[in-house]
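Thanks for coming. I have one structure to go through today, and I will keep to what can be computed from it. Please look at the sequence and the model first.

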Amino acid sequence: MSGALAVLQYIMKVPMVETASPSPDTSQIIARGHPTDNELLAFCRSEIRFETEVVNGRLQALLGSQAFLVIAYATAMTGSTKRWGDSMVLLLPPLFSLLGFVLALMALPGIRAAYAAIGKWEGKQRNLHTRSPDLTDFTLAPNEDETRDMMRRAQRGALFAHQAPFIFMIAWAIFGIIPFYLYLK
């Protein structure tokens, strides 16, 4: 029994996931006063990574909330009973539509702000690469053409995150009208 406990304690001490590049301790860099270019590059990349995780978290929260609301909306649309009649079909789905629209609207500034922060940190990283040519080994785009191409691909990749709130707002506006259309038909 104690052998199993010792093995379990050993396993608990072993890190399960190791980061590819540890982020620098900013307090130590600031205390020294003059960070090296490698430390600045590591710091910029850690900030880009952090902001990317923020965008991903906000986008996952948006998608999760929208998925839940679509299920609730569909259930409310098909859940007409004789006891409640059509009044619940005219009340609940439009309320779910309004909630979905407002949540998508609220998610939009947070997603845009995180992408703006990513853009600023990437600009600082590009300036650092320009200032220190020896850091070109640590970039995927060592020249201007490849940098523009990489930026273009990143913009296309971010298209979903930027446009998802708008798509949900349009869908919820249409979903809000459907119960009244069906009732009047």
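First, the ground rules. This is a predicted model, in which local features need pLDDT of at least 70 and side-chain atom pairs count only at pLDDT 80 or more, while totals for chains, interfaces and linings use all residues. Residues are numbered from 1 along each chain as its sequence is written, and side-chain values use heavy atoms, with hydrogens and water left out.

Now the fold. The protein has six helices and zero strands, and along the sequence that reads α-α-α-α-α-α. Helices here are DSSP runs of H or I with at least four residues, strands are runs of E with at least two, and both are numbered from the N terminus. Of the 185 residues, 25% count as buried. Buried means under 20% relative accessible area, exposed means over 50%, and partly exposed is in between, with a 1.4 Å probe and protein chains only.

The protein exposes about 13100 Å², and carbon and sulfur atoms supply 66% of that area. The areas come from the Shrake-Rupley method with a 1.4 Å probe, and for residues only the protein chains shown count as cover. As for contacts, meaning heavy atoms within 4.5 Å, take those with a separation of 6 or more: residues 24 or more positions apart account for 78% of them.

Next, the largest pocket. Its volume is about 910 Å³. A pocket is found on a 1 Å grid over the protein atoms alone, as an open set of points where a 1.4 Å probe fits, with protein on both sides within 12 Å along at least five of seven lines; lining residues have an atom within 4 Å of a point. Grid points are joined across faces, edges and corners, and the volume is the space filled by probe spheres set on the points.

By class, the lining has twelve nonpolar, twelve polar and four charged residues. For the classes, Ala, Val, Leu, Ile, Met, Phe, Trp, Tyr, Cys and Pro are nonpolar, Asp, Glu, Lys and Arg are charged, and the others, Gly among them, are polar.

Leaving out residues up to four places away in sequence, Arg126 touches Thr147 and Met151. Its C-alpha atom is 9.3 Å from that of threonine 139, which is 13 residues away along the chain.

On to salt bridges. How many does a search of the whole structure find? Three, where a salt bridge is a side-chain nitrogen of Lys or Arg within 4 Å of a carboxyl oxygen of Asp or Glu.

One joins arginine 131 to aspartate 37, at 2.8 Å from N to O. Arginine 131 is in H4 and aspartate 37 in H3, so the pair ties together parts 94 residues apart in sequence. Arginine 131 is exposed at 55%, whereas aspartate 37 is partly exposed at 25%.

Another pairs arginine 148 with aspartate 145, with the closest N and O atoms 2.6 Å apart. Both lie in H5, three residues apart, about one turn of the helix. Arginine 148 is partly exposed at 44%, and aspartate 145 is exposed at 55%.

The remaining pair is arginine 153 and aspartate 149, at 2.5 Å between the closest N and O atoms. They are four residues apart in H5, so about one helical turn separates them. Arginine 153 is partly exposed at 44%, and aspartate 149 is partly exposed at 31%.

Finally, two residues of H3. Serine 46 lies in H3 and is buried, with a relative accessible area of 12%. Serine 46 and tryptophan 121 are 75 residues apart in sequence and 9.6 Å apart in space, C-alpha to C-alpha. Asparagine 56 is also placed in H3, residues 37-78, but is partly exposed at 40%. Its C-alpha atom lies 9.7 Å from that of alanine 114, 58 residues away along the chain.
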